[in-house]
Amino acid sequence: MQLPLFDSPDTAVAQPAAAFAALDEARAAALACTRCGLARTRQRVVFGAGAAPARLFVLGEGPSEADDASGTPFSGPSGRVLDAWLRTLGTSRAAVWVSNVVRCRAAELFGKRPRNRPPRPSEIKACRYWLDIELAFVAPEVVLCLGATPGRVLLGRGFKLDRDRGRWATGPGGILVLPTYNPAYLLRLRSQQRAAAEAAVAGDLALVRTRLAPADTPP
Ligand code: SF4
């Protein structure tokens, strides 16, 4: 059963910094974005997706190969892990916002195949424009940061995933930020390490669930 944790946002929507009257207008403009070099190699711009406003904003690093083909964030194996995490939170993609630090796939050739690489600082800086617009329209209470890159983007260069994962922090505009692992990282781990990481994520998700639970709902 889906709990109403994320279905009744009472957070006021902040005014977007840019000249878009609605998120759909921003999305339409972003789909033609050429603000950074990733525009030359992408198949699709992967704009955030879900509910806006929403109490929870899930922020990953960047589109995967599957996302680049589908145009939907977290549409591949990592997305299936994320969906399970959302079920643990008693919610689903329809009630939260899911997005990334950059909206075009960052990849480099490894042999003959393109392989994902971390986005460069200049790419992150260029795409911050769209991230800030999404944050303004979604107006979340909590941002769940998946991995080191989103953590650094919202919490500064001093962010360290090993040290700061699972600790509440304050992001831009006073938004509560909870860093955890990226699902893609868990999928790369061997079983014993993965079990330990999954236990850590379970603890992190429990913090988010407690924070977003209505006052009259036992955690
Ligand atoms: S990554 Fe972001 S800034 Fe760069 S082209 Fe894509 S949408 Fe534009």
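The crossing of helices H1 and H4 is left-handed, meaning that the near helix is turned anticlockwise from the far one by less than a right angle. In this predicted model, local features need pLDDT of at least 70, side-chain atom pairs count only at pLDDT 80 or more, and totals for chains, interfaces and linings use all residues. Residues are numbered from 1 along each chain as its sequence is written, and side-chain values use heavy atoms, without hydrogens and water.

H1 covers residues 23-30 and H4 residues 121-138; they pack at about 165 degrees with axes 10 Å apart. H1 is therefore roughly antiparallel to H4 (angles over 145 degrees count as such). Axes are lines fitted to C-alpha atoms over the stretch in contact, and angles run from 0 to 180 degrees between N-to-C directions. Helices (H or I, at least four residues) and strands (E, at least two) are DSSP runs, numbered from the N terminus.

Two loops hold backbone exceptions. Most residues other than glycine have a negative phi, and most peptide bonds are trans. The bond from alanine 52 to proline 53 is cis, with omega near 5 degrees; proline 53 lies between strands E1 (49-50) and E2 (56-60). Phenylalanine 74 has a positive phi, near 50 degrees, and belongs to the loop between helices H2 (65-70) and H3 (77-88).

Conventions: Parallel < 35°, antiparallel > 145°, perpendicular 65-115°, else oblique.
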